[in-house]
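Please open the model in your viewer and keep the selection panel at hand. The stops below are arranged so that each selection leads to the next.

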Amino acid sequence: MAAKPKGRKARRPPEASVPSSFPYEVDMTATAEAVYNDLYRKAKQAETQGNYSSTHITTFEMIKDAVKRIIPNDPINKSHALRGDLSNLFRLRKGRMRICWIASSKIRRVCILLISESLRKEGDANDPYVIFQNMIDSGTFDSLFADFGVRMARLRGQPALSRSTKPH
């Protein structure tokens, strides 16, 4: 019986990059961290009071799962990608909460920019995406965008193209 020849895969040098199964490191802006910590505090308070069915505990567990497991394991999944003026950014819905982040596959890092507790109502001033867009337009995240190599679809201060004027 003849021995099987070895395939090329066995001779390949190991890759220098981090394996894709390794989760990304996660950072948060001060605003996102404040919301996360507030949710944690409310959940712990409910737990201390013995109220294990509290919505505070449920909400915190959903957000914690997103921040610790879902986002770091697949942060650039296209199903989480935003479109239009917010392209190159990502979001995840957990109940009524919205988590928005940027990610860099080059440095294998994620930065959670916003954890929003406000209800989604398109066109409303408290719509999480309106709030997020206003934060972006104000330059709040410019240094993070530069650090992560994220390009925005348009420059701040320029009006967005309407659907009828977008090039085909």
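Select Trp 101 together with its contacts. Beyond its neighbours within four places in sequence, Trp 101 is in contact with Ile 71, Pro 75, His 80, Leu 89, Phe 90, Arg 91, Leu 92, Val 110, Cys 111, Ile 112 and Leu 113. Trp 101 lies in strand 3 and counts as buried because its relative accessibility is 0%. Draw a distance from the side chain of Trp 101 to the backbone oxygen of Pro 75: the side chain reaches that oxygen at 3.0 Å. Then draw one between C-alpha atoms: Trp 101 and Leu 113 are 5.0 Å apart in space and 12 residues apart in sequence.

Next, select Val 110. Leaving aside neighbours within four places in sequence, Val 110 is in contact with Tyr 24, Glu 25, Val 26, Asp 27, Ile 71, Pro 75, Trp 101, Ile 102, Ala 103 and Phe 148.

Is Ile 115 buried or exposed? With 3% relative accessibility, Ile 115 counts as buried. Apart from neighbours within four places, Ile 115 is in contact with Ala 32, Val 35, Tyr 36, Ile 63, Met 97, Arg 98 and Ile 99. Ile 115 and Ile 99 are 16 residues apart in sequence, yet their C-alpha atoms are 4.5 Å apart.

**Along helix 2**

Begin at Ser 54, which caps the N-terminal end of helix 2: one of its side-chain oxygens lies 3.0 Å from the backbone nitrogen of His 56. Then colour the buried residues of helix 2, namely Ile 57, Thr 59, Phe 60, Ile 63, Ala 66, Val 67, Ile 71 and Pro 72. The elements covering them include strand 1 (25-28), helix 1, strand 2, strand 3 and strand 4. For contrast, select Thr 58, also placed in helix 2; Thr 58 has a relative accessible area of 45% and is therefore partly exposed.

Centre the view on Ala 66, where helix 2 has a kink of about 40 degrees. For the end-to-end length, 19 residues at 1.5 Å a residue should span 27 Å, and the end C-alpha atoms of helix 2 are 26 Å apart, which agrees.

**Two loop residues with positive phi**

Most residues other than glycine have a negative phi, and most peptide bonds are trans. Select Asn 88, in the loop between helix 2 and strand 2; the phi of Asn 88 is near 75 degrees. Asn 88 counts as partly exposed because its relative accessibility is 42%. Then select Arg 108, in the loop between strand 3 and strand 4, where phi is near 50 degrees. Arg 108 has a relative accessible area of 14% and is therefore buried.

**The whole chain**

Zoom out and colour by secondary structure. The protein chain has four helices and four strands, running β-α-α-β-β-β-α-α from the N terminus. Of its 168 residues, 33% count as buried. Among contacts with a separation of 6 or more, 52% join residues 24 or more positions apart.

Finally, colour by pLDDT. The chain averages 80, and 76% of the residues score at least 70. Over residues 4-19 the pLDDT is below 50, and this stretch has three contacts in the model beyond near neighbours in sequence. Residues 155-168 also stay under 50, with 10 contacts beyond four places in sequence. Where pLDDT is low, the predicted coordinates should not be read in detail.

Methods:
Residues numbered from 1 in each chain as written. Heavy atoms only, no water. Contact = heavy atoms within 4.5 Å. pLDDT = per-residue confidence, 0-100. Expected span 1.5 Å × (residues − 1). Bend = angle between axes of the 7 residues up to and from the residue. Buried < 20%, exposed > 50% of the residue type's maximum accessible area, 1.4 Å probe, protein only. Polar contact = N/O pair within 3.5 Å; in protein donor to acceptor, adjacent residues only side chain to side chain.
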